[in-house]
Amino acid sequence: YASLFFCVAIEPNDNELLTLEIIHRYVELLDKYFGSVCELDIIFNFEKAYFVLDELLVAGEMQETSKKSVLKAIAAQDMLQDETESKTGLDEMADKKKLGLAGGLP
């Protein structure tokens with residue numbers, strides 16, 4: 001997967017193979033979300049990468065094993081963020097219009 005490297009700290013009694021499986025699942029989710037994930041996707045969209053990880057794990061344990069469920073939660077979060085950003089943009093435009101800052105000279 002595009003030469004991504006991950007560092008994971010685990011307890012001595014934790015299962016290393018399970019940890020590798022979690023990393024693999026995380027990379028699969030990132031790959032589906034970003035479409036052929038690379039390190040630049042993670043660098044410039046780290047909040048999305050953390051959100052995917054947060055949907056996958058809770059307190060270091062696997063929260064959701066279904067990739068479809070995780071991707072649905074991420075899609076719902078993206079829609080909510082888009083709605084919030086568009087509403088904020090419209091509110092800012094309305095405020096500028098009230099102040100006479102938009103639409104040319106007052």
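I10 sits in the segment before α1, where helices are DSSP runs of H or I with at least four residues, strands are E runs of at least two, and both are numbered from the N terminus. This is a predicted model, so local features need pLDDT of at least 70 and side-chain atom pairs count only at pLDDT 80 or more, while totals for chains, interfaces and linings use all residues. Residues are numbered from 1 along each chain as its sequence is written, and side-chain values use heavy atoms, with hydrogens and water left out.

Back to I10. Its relative accessible area is 36%, so I10 is partly exposed; buried means under 20%, exposed over 50%, and partly exposed in between, with a 1.4 Å probe and protein chains only.

I10 also belongs to a nonpolar surface patch with F6 and V8, and together they have about 230 Å² of accessible area. Patch residues have over 30% relative accessible area and no salt bridge; nonpolar side chains (Val, Leu, Ile, Met, Phe, Trp, Tyr) are joined within 5 Å, like charges within 9 Å. A salt bridge is a side-chain nitrogen of Lys or Arg within 4 Å of a carboxyl oxygen of Asp or Glu. Areas come from the Shrake-Rupley method with a 1.4 Å probe, and for residues only the protein chains shown count as cover.

E11 is placed in the segment before α1 (16-34). With D14, E16 and E61, E11 makes a negative surface patch. Asp and Glu count as negative, Lys and Arg as positive; His and chain ends are not counted. Each charge is placed at CG of Asp, CD of Glu, NZ of Lys or CZ of Arg.

Now the whole chain. Four helices and two strands run in the order α-α-α-β-β-α. Of its 106 residues, 20% count as buried.
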